[in-house]
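Here are a few notes to read alongside the picture.

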Amino acid sequence: MERPPESLKSFANRIASLAQSSEAAQMIRLLLFSGFMGASAPEGGGGALSQLAAPPDPLPPAGGDPTHLGIWERREEGGKVAFVRRLELMHEWHLWANVGRIEAKGARKRVVLIGESVARGYLYDPEYTPASALEAMLKARLGDDEIEVIDLARVNLSYEIRELALAALQLEPDVVIMLAGNNWGLKFPQASEVVEINEAVTQEGIRGAKRASEAHISRNARRVVADVASVYAERGVPLVWMIPEFNLADWRDPVTNAPHLPGRLNREWLDLLAGAE
């Protein structure tokens, strides 16, 4: 197993020490410098905050490229619009449904499923996917020739889901189902948000970093939902947004225990773990 360099161990020890001291501002600067907070380390010397380049906005202006839909590209053929997989994005094909072509809408009602790995059926895909299960249930209820499900789920999809959802309107859906929320985190904080987190840590310590980071996530999440919902309302397209069930109670670390230890050492191990936490 590859061991971390000694310099990284020293850095980690420094961070741990500062987290328990009044030098919280210095700690956040070290975190920013390392890139742990989503920004890259600056080149050349100087203060970390002063030289951090403004990272890209995780939520660019709505619209995007009207000819693209994820890995598919818009094509007009014989007066009809279809979407064909782009060869230059072959390295991303495995993250999406294994569909080379999305045909123009016909007489069948069209349901579009958009989401992250949960909606992709990660680890079960392609043998089993939520889109295939949904289509089977709908066809059993409505008939094989009455309904179709277009699978636009992607592994590791984050705030980019907004652009994907807006682009999906080109498919002329009768209803769109969004299954997402797992991957929304502290991604590419803007310069003002970096300063906000820094000030929160200075005043409140790690608890302040948590509060400011959650505020950052909340702002982006509300913006994504509001942008998508407003456009869909204007177009009159029904939108169903579901949160993966695992997220409803928020993340919890699984119960941890050591391998079987002799005597009462497992109990002692658990007591030590509780004390450390």
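1. Start with β2 and strand β3 (residues 80-85): they run antiparallel and are joined by six bridges. Keep in mind that this is a predicted model.

2. Strand β1 (residues 68-69) runs antiparallel to strand β2 (residues 72-77), with two bridges joining them. Here L69 faces W72 in β2. This is a hairpin too, with two residues between β1 and β2, and G70 in the turn has a positive phi of about 60°.

3. Next, the open sheet. Its four strands come in the order β6-β5-β7-β8, and their pairing is parallel. Why is one side of β6 (147-151) and of β8 (239-242) left without a neighbour in the sheet? Both stand at the edges, so each has just a single partner strand. Going from one strand to the next, the twist averages 20°.

4. Look inside that sheet at strand β5 (residues 109-115) and strand β7 (residues 175-179), which run parallel and share five bridges.

5. Helix α5 (residues 130-142) touches β5, β6 and β7, and its direction makes about 170° with that of β6. Helix α8 (residues 206-235) packs on the sheet as well, touching β7 and β8, with its direction at about 160° to that of β8.

Notes:
Residues are numbered from 1 along each chain as its sequence is written. This is a predicted model: local features need pLDDT of at least 70, side-chain atom pairs count only at pLDDT 80 or more; totals for chains, interfaces and linings use all residues. Side-chain values use heavy atoms; hydrogens and water are left out. Two strands pair if DSSP finds at least two bridges between them. Axes are lines fitted to C-alpha atoms, for helices over the stretch in contact, and angles run from 0 to 180 degrees between N-to-C directions. Contact means heavy atoms within 4.5 Å.
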